[in-house]
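Here is a short tour of this structure, written to be read with the model open beside you. We will look at a helix, then the nonpolar cores, then a sheet.

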Amino acid sequence: MGEVSAVPLGVDFPSALVRGLLHRMDGQPPEAMARVQLFLNTARMRRRVVEILTARGARLLPRIHLLGDLAKLVPDLPEAVPPLRLRLELSRLIAALLQAQPDLAPRAATYDLADSLATLLGEMGQEDVTPEAIANIDVSHHSAHWARTQSFLSIVAPIFAGRPDADRRGRLAAVALAARWQANPPGPVIVAGSTGSRGATALFMHAVARLDQGALVLPGFDRDLPLPVWDTLSDALTAEDHPQYRFHRLMRDLDLTPADVTDWTDDVPVSPDRNRLISLSLRPAPVTDQWLAEGKDLGDLRAATQDLTLIEAPRPRVEAQAIALILRQAAEDGKRAALISPDRGLTRRVAAALDRWGIVPDDSAGEPLQQTAAGRLFRHIGHLMGRRLTPEALLTLLKHPLTATGADRGNHLRWTRDLELHLRRNGPPFPTPADLTAWASARPADGVADWAAWIGATLAALEPVGTRHLAAHLDHHLTVAAQLAAGPGATGAGDLWSGAAGEAALSIIGDLQAEAEHGGDMTTVDYADLFDSVLSRGEVRETVTAHPGIMIWGTLEARVQGADLVILGGLNDGIWPALPDPDPWLNRQMRLQAGLLLPERQIGLSSHDYQQAIALPEVILSRATRDAEAETVPSRWLNRLQNLMAGLPAQQGPEALDCMRAKGRIWLEMAAQLEAPDAPVPLARRPAPRPPLEARPKQLAVTGIRTLIRDPYAIYARNILRLKPLDPLRQTPDARLRGSVLHRILETFIREGGTPTHARLLATAAQVLAEDVPWPAARALWLARLERAADFFIALETASEAEPVWLEDSGGVQVDPLDFRLTARPDRIDRLLDGTLHIVDYKTGTPPTQKQQAAFEKQLLLEAAMAERGGFKALGPTPVRRVSYIGLGPRPKIEATEITEELLGKVWEQLHALIGQYGNRAQGYAARRAVFEDRMEGDYDHLARFGEWEMQDPSHPEDVG
């Protein structure tokens, strides 16, 4: 039997590993070191070990291997099935399964299911679980879902059992090496830094431990765990999430006890008291009795936690700012500091905050490929296949930083901006090549026609795409991407494949091209989902000059250590530890019966990383108490630590916890000061600008009078400052379009004349909707709504003896003696039998009440006053008997008002008074003077800085211009 040793918690593991190795090689000739085979768990650990060895002077180095590369040491192994090919083949099988049983999962999950199934097959290979073991699982007490998945696995697993993937090949390599070394023992073999959590690795470690010159160097071995507690770790169902569970299983398989684990070096822990505290807090549940029984032996906890700090930030942004300040201070002090966190959102925020001071951290994780410029371009194009082109999607592609990088990008961006304004103002909702050509033909001939033709030719072929083979989808996808990146009239692919992101995309997509023949036929939706899933596996690592002492590590890289100060960030449940990945194929009990790892394995590994990291010399624990959605729950390990300390008043636990928080509050206060303004910025007051009289509008429509009453500031912004809001880029069937379509339907229906019938109205509506509304769902919904109100409208038309004399035309009248003109565009004016007029306005919703008309909805009353003053020339000055709002919403309704001379005189006097008031320089255009609802959003609220002032605040008149 070889040596099984450990390095104390809190000691720099790579440095201790090298010291112990050199101590054991002391006195031997230099070439003896070259016969040592050292197996490490990560490439970063290998780099660190090599750095430490070379820093001690020139010497021969041991042969250093990675545990993931065992197959490279056994050349006669069968070739592994490429991971992507395996997943594509499984995707076809799963697609057939979902076709037969669509209730099993959505089709969009096909590739994700294939990925999880490939992971399961790899795990079966790692743990040496046969397909028969899956078939023999008793599912009689489980739901029908698990019986169906077991049946499917019983068919699929034997098919791939004879075709080893990378995981099964790794186990075959471990078995082959063990057999080879049993027959011909090698020189010294050392496995360091691994917990043996995977079956193949554990098998290899068993083989090494049984060699006479074999050695295992275990990281993070807890010597403070009592033997009775150690013995309770034998039950995987209750102990899988404990940090020492994997060591217990390893020792059990080697027939060893904790006492048999020797010390690799004579190093002592940095803080033995802290290690005992953390060990007790991580005991398996239930632990309350152990906390009470052993907590009294911990001593004064203030000494144990003197180098611990607890940051409880109110928001993730504040947490990131505080961490960035700590790292900046460490850089100034010359300390090596590392942020350890699985939360990539937090690490990106910290990196962005460090950029304020020009500090670039050494980040062990790269940027996800799908979030790079190249990744986004490919994803945008993939999701356009089989779909109609929208202005939003078109401009997303045209504004992309890689588009037209092989041509004249300056003109490209200029024409893109002009096209955006055109599409916002004029549409259409789904532009076609003909629309782009028509737009370009109306512009100067400066090359824009060729540019528009290039867009149309590149993107037009995407919409009609249907089901086809994966290879055809991919070829078309890459062709469009290259054409977009090249630009009009250019060849090649522009900057599409340049830089680290382009190279990573080329590698990932090249693998997909090589294996595309195994993908089969698929729809455009399935292709887009598959492509996104494949792309999400890639990472991009840019070559940057990072700060040598500031690092950002994932939890696995934290085992490399070598930092004076570490920050454990994102200590919230669901982040650290992360929730176990759901397994759609086997539940917890089925995994246990089959001999597979339980979902808690990942939690156990994370807890082991946490136990190692918190034992380092100086540690800061950090979390945000709230995220963007709700309050967060502290990590279970942090929660246990706080509860344990709070329950030990005799050991000054509460005081120690308060001290940890007090040190954290110092950094939070500094983060708050960092973003605080140098001087208080006063809030804006409610504006009421007073422009010169000559700048004030001399003409308004009757609808503008309503705005002048309710929100005068909007008149100031639109009519004086000439600021008009842009239409949204994503055009939708909104209320404004519904109103205009309704008006056109009724105008067309009335102009055509003839007997008003229900069928003719609906036929007219269907025709107008087909021309003006390109959304099928909206057409069907609006036609159904109109059909509900059709009988009401037809009844009105049938009963009416009036003659329509004015339809959707404009008129105007001078408001004497004021220098002002009032205009209007009535929906409809009818001439009654006695020669008087009836003015009608159609509403798609509820018509305004009499009180609303008296206060601000004066549109029809003003139109009536205009008609009596000859405002509609073709009609001449004509008296008006009635005005009516006809609501054609879910509950059709008429709100009619009989016109009297007194009523019109009052309305006209109010108009004179209103316009005359704004003819006074002292009158300001107050913001949101009398809006219908406080929560109603105006087009110019941001300009008026609404929110800095409240509706009850007085306005602040101010001369402008």
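Let's begin with helix α28 (residues 636-646), whose buried residues are Trp-637, Leu-638, Leu-641, Gln-642, Leu-644 and Met-645. Buried here means under 20% relative accessible area with a 1.4 Å probe, protein chains only; helices are DSSP runs (H or I, at least four residues) and strands likewise (E, at least two), numbered from the N terminus. Those residues lie on the same side of α28 because they cover an arc of only 165 degrees around the axis, taken from the directions from the helix axis to the C-beta atoms.

This is a predicted model: local features need pLDDT of at least 70, side-chain atom pairs count only at pLDDT 80 or more, and totals for chains, interfaces and linings use all residues. Residues are numbered from 1 along each chain as its sequence is written, and side-chain values use heavy atoms, without hydrogens and water.

Next come the nonpolar cores, sets of buried Ala, Val, Leu, Ile, Met, Phe, Trp, Tyr and Cys residues joined through side-chain atoms within 4.5 Å.

| Core | Size | Members include |
|---|---|---|
| Largest | 55 residues | Leu-394, Trp-451, Leu-459 |
| Second, separate | 48 residues | Tyr-713, Leu-860, Ala-864, Val-883 |

In the largest core, Leu-394, Trp-451 and Leu-459 touch the most other members. Helix α23 (residues 470-486) gives the most to this core, with eight residues. Beyond its neighbours within four places in sequence, Trp-451 has contacts (heavy atoms within 4.5 Å) that include His-412, Trp-439 and Pro-488.

Finally, six strands make an open parallel sheet, ordered β3-β2-β4-β5-β1-β6; strands pair if DSSP finds at least two bridges between them. At its edges, β3 (63-66) and β6 (262-263) each pair on one side only. Strand β1 (residues 3-6) pairs with β6 in the parallel sense over two bridges, and Ala-6 has Asp-263 as its bridge partner in β6.

Technical notes:
Buried means under 20% relative accessible area, exposed over 50%, partly exposed in between (1.4 Å probe, protein chains only).
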